[in-house]
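The sequence and structure come first.

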Amino acid sequence: GYAPQRGQAIYTRPGAPEDLSLEVTRFRDFYRFFRELAGDRVPVSVSGDSGASRDLLVRPFLDGRVLYVLVHNRRGFPLYPARFSLGLEMGQDAEGRPVRVERTEIKRLFYEGDIPEPHDDLEVAGRLQIDMESEYVDLGDLAEIDLRGEETCLVRVHLSGEPARRDRVTEVSSYSTDTLLEIEPGKAICLKIVVPEWYGELSSAALHLGLARDGGFASNPKVAVNGKQLNGVDMSWSVGVKDFHTVEAIPVPVTALRMGENEIAVGFSDVTMEGFPKVVSAKIVTIWESGD
């Protein structure tokens, strides 16, 4: 029953206080979409144009002879579709036989229809489409899978055997204790985030920066980690959005990180901006690889 005022309740009592009977909401179906995810998180790399690693969130999990690949298109609904292909390296099973793909399936989670304005307008002809209602469908090919803006898909890959050796990854989130900081145009603010040393090898890192401003951003922020300027932050698509807020995942070179305290500088060069933008949250997510 978390946050019913924001539409995130799993059960509600619409007839309260006279009638206290429970009614199931669609939010339960949203959670159930992910119910099968299991196994070990395994390595993944995202390649493509300069924004691919920022725009696509990819999480693969190996559970015996089944590989689950969760993919989310971070770009906004409905203007930014994405297309991706999956390339798999499965190795050999315990008997030394090559592991092959036997069958592939997919199910999808996306919103279809008009955008509610305000967000709690129940008269808008829109609906969250959850494919758990029809379960998985055959995919056939792992090439050129299309996603709508903000769509999530779950690809299930059935393998001929279980890989005998696997590399595992561990994701570690390190948070800034500073939140809701206003940024004056022409000035930068500095956040500090402590990154602990983990086991294995540090393979990648990203800064997840929560930004907010009514009306969006006409210019992009300048972001640096320990003096290293980060690239690939494009927020021009947010111009004109009322009460805009987003979390941008910005790749960070592992050579720019320190094990211990890191300094994050955020600023805007546009001094004509009316209404100070805010840094709502900040965390560094590191990915560590280890094998067996």
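## Overview

The model is predicted. Across the whole structure, a search finds 18 salt bridges.

## Asp55 and Arg75

Asp55 and Arg75 form a salt bridge through their side chains, with an N to O distance of 3.6 Å. Asp55 belongs to helix H2 (residues 52–55), while Arg75 sits in the loop between strand S5 (66–73) and strand S6 (82–84), so the bridge ties together parts 20 residues apart in sequence.

Both partners fall under the 20% cut-off for burial. Asp55 has a relative accessible area of 14% and is therefore buried; Arg75, at 13%, also counts as buried.

## Arg156 and Glu105

A salt bridge joins the side chains of Arg156 and Glu105 at 2.8 Å, N to O. This pair links distant parts of the chain: Arg156 is in strand S11 (residues 152–159) and Glu105 in strand S7 (residues 101–113), 51 residues apart. Arg156 and Glu105 are both buried.

The two residues also belong to a network of salt bridges. Its members are Glu36, Arg103, Glu105, Lys107 and Arg156.

## Arg97 and Asp93

The side chains of Arg97 and Asp93 make a further salt bridge, with 3.0 Å from N to O. Asp93 has a relative accessible area of 10%, so this residue is buried.

How values were computed: Residues numbered from 1 in each chain as written. Predicted model: local features only at pLDDT ≥ 70, side-chain atom pairs only at ≥ 80, totals over all residues. Heavy atoms only, no water. Salt bridge = Lys/Arg side-chain N within 4 Å of Asp/Glu carboxyl O. Helix = DSSP H or I, 4+ residues; strand = E, 2+ residues; numbered from the N terminus. Buried < 20%, exposed > 50% of the residue type's maximum accessible area, 1.4 Å probe, protein only.
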